Amino acid sequence: CVPALVSAETYIAGGVGVNAPSFDTTDAGKVALKKDLFYGGKIGHYFNDRGYNWFGLEVDAYRSTPGIEQHTLPTSTNPRLSGKIPGADLQVDSLAFNALVRVTGYPYKVEPDAGLGIGLNVGNISSGNFRPEASFAPSFNVLAGIRYYMTESIAPFIEYKYNFAQFTFSRDNITADYRANLFMFGIAYHFGR
């Protein structure tokens with residue numbers, strides 16, 4: 001057995017990135033969304049109980065404003081999703097609770113990690129053909145990333161995150177699957193490492 005090189009630690013992190021989302025409605029098909037920058041932060045903890053420093057939990061929050069692009073949709077049963085769509089503002093706020101695993105002990109201070117999580121997304125749609133409305137939806141996350149420890153405490157990281165939620169905007173009679181592909185760069189500060 002090789003002894004673990006990392007002790008238990010708590011961390012805070014923040015970052016920015018690019019969101020490449022899609023919005024699939026039940027009656028009009030895919031509605032085009034803009035690629036957008038997003039930003040967020042996270043707080044997490046890896047455990048050291050009985051050698052479980054490879055397992056951790058984190059709370060992750062981020063905001064994106066992808067917006068609906070101006071485009072033309074085929075005729076559907078929903079007049080708001082038929083013909084020319086002038087575009088609209090769409091803001092998505094996400095709060096997630098993730099379980100993480102990581103590989104520790106690399107000699108080059110590199111640490112890959114991966115995780116799964118559940119959470120809550122809040123979608124706010126307004127302007128264009130749409131009436132202002134917020135939709136709350138449970139969400140599902142899958143993520144993978146890699147950190148490089150510049151010091152014992154400071155670690156820049158890159159991360160890919162997939163987020164799924166199904167929004168229902170009842171005022172406009174829209175139900176849509178929101179899928180976000182999030183690519184993030186950030187920096188984490190680790191306590192007790």
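Q: Which residues touch the most other members of the largest nonpolar core?

A: In this predicted model, F23, I68 and F130 touch the most other members of that core, which has 28 residues. Strands β1 (9-25), β7 (89-102), β10 (154-169) and β11 (174-191) each supply at least two of its residues, and β11 gives the most, with seven.

Q: With which residues is F23 in contact, leaving aside its neighbours within four places in sequence?

A: F23 is in contact with G29, K30, V31, L33, L90, F167, F169, A176, D177 and Y178.

Q: What makes R179 and D24 a salt bridge?

A: The side chains of R179 and D24 meet at 2.7 Å, N to O. The cut-off is 4 Å, so the pair counts as a salt bridge. R179 lies in strand β11 and D24 in strand β1, 155 residues apart.

Q: Why is R179 called partly exposed?

A: R179 has a relative accessible area of 25%. Buried means under 20% and exposed over 50%, so R179 falls in between.

Q: How do you know that D113 and R147 form a salt bridge?

A: The N to O distance between the side chains of D113 and R147 is 3.8 Å. This lies within the limit of 4 Å, and the pair therefore counts as a salt bridge. D113 belongs to strand β8 (residues 110-126) and R147 to strand β9 (residues 133-148), 34 residues apart. Both D113 and R147 are buried. The charged end of R147 also sits over the ring of Y11, 4.4 Å from its centre.

Q: Why is the aromatic pair of F47 and F55 called stacked?

A: The planes of F47 and F55 are 20° apart. Planes under 30 degrees apart count as stacked, so this pair receives that name. The rings lie 6.0 Å apart, centre to centre. F47, Y52, W54 and F55 form one aromatic cluster.

Q: Why is the pair of F167 and Y178 called tilted?

A: The angle between the planes of F167 and Y178 is 45°. Under 30 degrees would be stacked and over 60 edge-to-face, so the pair counts as tilted. F167 is in strand β10 and Y178 in strand β11, and both residues are buried.

Definitions and conventions: Residues numbered from 1 in each chain as written. Predicted model: local features only at pLDDT ≥ 70, side-chain atom pairs only at ≥ 80, totals over all residues. Heavy atoms only, no water. Core = buried A, V, L, I, M, F, W, Y, C linked by side-chain atoms within 4.5 Å. Buried < 20%, exposed > 50% of the residue type's maximum accessible area, 1.4 Å probe, protein only. Helix = DSSP H or I, 4+ residues; strand = E, 2+ residues; numbered from the N terminus. Contact = heavy atoms within 4.5 Å. Phe/Tyr/Trp six-rings, centres within 6.5 Å; stacked < 30°, edge-to-face > 60°. Lys NZ or Arg CZ within 6 Å of the ring centre and 35° of its normal.
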